[in-house]
Amino acid sequence: MPSSTIRNQAYGWLLLTPAAIFLIAFTHYPAIATLGQSFFSESTVIRPAEFVGLENYQIMLTDEVFWKVVRNNIWYAIGTIPASVALAMIMAIWVNGKLAGRGLVRMAYFTPTILPMIAVANIWLFFYTPDIGLIDQFLSMFGFSGRNWLGNPETVLSCIIVMTIWKEAGFFMIFYLAALQSISPELEEAARIEGAGRWYYFRRVTFPLIMPTTLFVLINAVINSFKLVDHLFILTKGGPDNASSLLLYYIYEVAFSFFDEAYAATLTVVLLVTLAIIAIGQFLLMDKRVHYR
Amino acid sequence: MKSVKRYMAVMASALSLLILSSNGALAATELTMYYPVAVGGPLTKVVDGLVADFEKANPDIKVNAIYAGNYNDARIKALAALKSGDPAQLSVMFSIDIYELIEQDAIVAFDDIVETDDDRAWLKSFYPALMENGVTQGKVWGIPFQRSTIVMYYNKDAFREAGLDPDSPPATWDELVSMGQKLVKKDASGNVDRWGLMIPSTGYPYWMFGALTMQNDQVLMNGDGNETYYDAPSTVEALQFWRDLGDKHGVMPANTIEWGTLRQNFLEGKTAMMWHSTGNLTIVKKNATFDFGVAMLPAKKRRGTPTGGGNFYIFKKSTPEERAASMKLIRFLTAPDRTAEWSISTGYIGTRPDAYETDKLKSYVMEFPPAAVARDQLEFATAELSTYQTGRVRKLLDDAIQATLTGAKSPEEALGSAQDQADRLLKRYR
């Protein structure tokens, strides 16, 4: 191998090193350490951890709360992902058109994204509060009142889904807006000359062209549906009776309220593997339908 | 490129400032203390003020008092700091964290630190009920600081409107139900405009439940923290009563009631009575637009409430000098005068009888009698639920309570399975 190539290689690796160090230290090493920890028992100063093999995983399979949060998380994903992505797309097409006060509307749609999740949750807590909350006061004008939105296991998860959609749609809208603006206006002119209707144009031109964005947004939405739990701390703390608890929130509880790092590591491994499978699946499945330019 | 340079310049000057300031503030002993705030109000300012007073009186000790979020956050931060090797020397943490901290070998007992007879006498100067959560294995591990009990806040105007005597709030469970029913106000179409009572069941359901069980003459755990009594008949009875308040008697909304918004509900007149921490007293006093009263919780077989709130702990990873300085700080902050001041500005209980003998607190209680209710109730108070594996054991009870209140399970069923699981967790500590 000529020495210049070696030098080039070394040069390249040196450039990568700083990023690699951080990636390994904060992403890869913790992931592997977590996997390792999941095979050990809970450790305290008095009772050091010992190797227990798959025992933590066995415990997990019989843990009712675990299955409940998994079910909740699936419903949460089904509830938030399609709705927020569709809404984002509609909002983006709406504010991409020529309309008066366009800047204002765009800003209004984007506002929820800027607000910190904790602040949002505090606002919505008072929306949902029975009797004095915004929703109840509005409903009381029509003679309904006293709905205990967050205190009822049947409604609590839906309430959280609605809030999440409100929070997320604006964020995804920005990506769609950028994608829409990169579509050449000539396409629309040509389509109009050919006599294509607006719906036909959307279905056959716009939608396929923004497919890469959709893939990106979908992956983000899936990750978010497992990742976003900040609001639970304020709104419900996972209650009542775990009816609104999500997998990551449960992991937090196990790790920092029960101080059972081993079991928390086990749950984390499950979360990581699930997310990895979903992401890979999305890429493989959607890759054929996505046209990159 | 220009902005990068400017950024570097700013960073460099900030760094040099940092170095300068840390050199300038070199003190003989430096203490780091975490403390939580669990109720509303600008408590951080009060703590900062107290700490500043201490530093003025003890120029050789520097105290970094760090606000660490709620009780859970404070414990996590303190334990994380401990593991990272840059520990705090003392902290205010949840009184019920004691077993967790002992199991992590994180704290030292005050009995092992005290040196003088004066110190030993000081250990005995607090209300016994407030010491219960801080004592195990025959030693004192926690010194009461921001301590509370549950009291009943009630709207005197609502009492008058319902034709009840505003000076005799319900003293028994039966009265709670009968008076509560009179206090419920409905509009023309039958919607409830004002509830009789609200007992919060999110956030800290086990705490409220501790009051109901104590009133039924039943404690939830033993003093060694390795046994729970979740499925005792009187425990089940107490939970049944809680559920009946909403389901059967119609005094309270059904399902769970949010801890965080309850105070607002009360202040807006949506409930005539609420059970809440005494830590809310000052802020309710400030914001109530109606005449309100504070009463002890009612009795079934006896009166009862758990205590709650935060204790001082001293960490094991500390030098003898730091321990001595920590003791000094704790003794300073729990001195009768400061305790009185703290109690007035927060509503937390004065932790020792002699605080109520100070002029400050005496005159405050005189002009605002509700401030004494929590103190008088201490006679009936018991420890807050706290065991080994306390997070899990507590969550089992929380879930059982919420499952019952939302109608998912019967009290027997919910508490029975909670007890089974608690037994499994606590077996190895017996």
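This is a predicted model: local features need pLDDT of at least 70, side-chain atom pairs count only at pLDDT 80 or more; totals for chains, interfaces and linings use all residues.
**Exercise 1. Domains of chain A**

Solution. 

**Exercise 2. Placing A:V105**

Task: Find the helix that holds A:V105, name its contacts beyond four places in sequence, and give its C-alpha separation from A:S244.

Solution. 
- Step 1. Locate the residue. A:V105 sits in helix α4 of chain A, residues 102-114.
- Step 2. Set aside neighbours within four places in sequence. A:V105 is then in contact with A:W94 and A:V95.
- Step 3. Turn to A:S244. Along the chain, A:V105 and A:S244 are 139 residues apart, and their C-alpha atoms are separated by 32 Å.

**Exercise 3. Helices α12 and α13 of chain A**

Task: Describe the packing of α12(A) on α13(A): axis distance, angle, handedness and contact residues.

Solution. 
- Step 1. Helix α12 of chain A runs over residues 247-257, and helix α13 of chain A over residues 261-287.
- Step 2. Read the geometry. The axes come within 8 Å and cross at roughly 160°. Angles over 145 degrees count as roughly antiparallel, so α12(A) is roughly antiparallel to α13(A).
- Step 3. The crossing is left-handed.
- Step 4. List the contact. α12(A) supplies A:L247, A:L248, A:Y250, A:I251, A:V254 and A:A255; α13(A) supplies A:Y263, A:A264, A:L267, A:T268 and A:L271.
- Step 5. Sort by class. The contact has 10 nonpolar residues, one polar and no charged.

**Exercise 4. Helix α9 of chain B and its two partners**

Task: Work out how α9(B) packs on α10(B) and on α17(B).

Solution. 
- Step 1. Start with α10(B). Helix α9 of chain B spans residues 205-215, and helix α10 of chain B spans residues 233-247. Their axes come within 9 Å and cross at roughly 110°. The angle therefore makes α9(B) roughly perpendicular to α10(B).
- Step 2. List the contact. From α9(B) come B:P205, B:M208, B:F209, B:L212 and B:T213; they meet B:T235, B:A238, B:L239, B:F241 and B:W242 of α10(B). Eight of these residues are nonpolar, two are polar and none is charged.
- Step 3. Move to α17(B), residues 390-405. Its axis and that of α9(B) come within 9 Å and cross at roughly 75°. Hence α9(B) is roughly perpendicular to α17(B).
- Step 4. List this contact. B:P205, B:Y206 and B:F209 of α9(B) touch B:R394, B:L397, B:D398, B:I401 and B:Q402 of α17(B). The classes are five nonpolar, one polar and two charged.

**Exercise 5. Domains of chain B**

Task: Characterise the interface between domain 1 and domain 2 of chain B.

Solution. 
- Step 1. Take the bounds. Domain 1 of chain B is 2-147 + 309-369, and domain 2 of chain B is 149-307 + 383-429.
- Step 2. The C-alpha centres lie 30 Å apart.
- Step 3. Count residues in contact. Domain 1 of chain B gives 25 residues and domain 2 of chain B gives 26 residues.
- Step 4. Read the area. The two domains bury about 2,100 Å² between them, 51% of it on carbon and sulfur atoms.
- Step 5. Find the main contributors. In domain 1 of chain B, B:I96, B:Y99 and B:F368 lose the most area to domain 2 of chain B, together 29% of what that side buries.

**Exercise 6. Chain A against chain B**

Solution. 
- Step 1. Find the main contributors. In chain A, A:D241, A:F258 and A:F259 lose the most area to chain B, together 19% of what that side buries.

Key. Residues are numbered from 1 along each chain as its sequence is written. Chains are lettered from A and ligands numbered from 1 in the order in which they are written. Side-chain values use heavy atoms; hydrogens and water are left out. Axes are lines fitted to C-alpha atoms, for helices over the stretch in contact, and angles run from 0 to 180 degrees between N-to-C directions. Helices (H or I, at least four residues) and strands (E, at least two) are DSSP runs, numbered from the N terminus. Angles under 35 degrees count as roughly parallel, over 145 as roughly antiparallel, 65 to 115 as roughly perpendicular and the rest as oblique. Contact means heavy atoms within 4.5 Å. Ala, Val, Leu, Ile, Met, Phe, Trp, Tyr, Cys and Pro count as nonpolar, Asp, Glu, Lys and Arg as charged, and the others, Gly among them, as polar. Buried area is the accessible area (1.4 Å probe) that two parts lose on being put together, summed over both. Domain bounds come from an automatic or database domain assignment. A crossing is left-handed if the near helix is turned anticlockwise from the far one by less than a right angle, and right-handed if clockwise.
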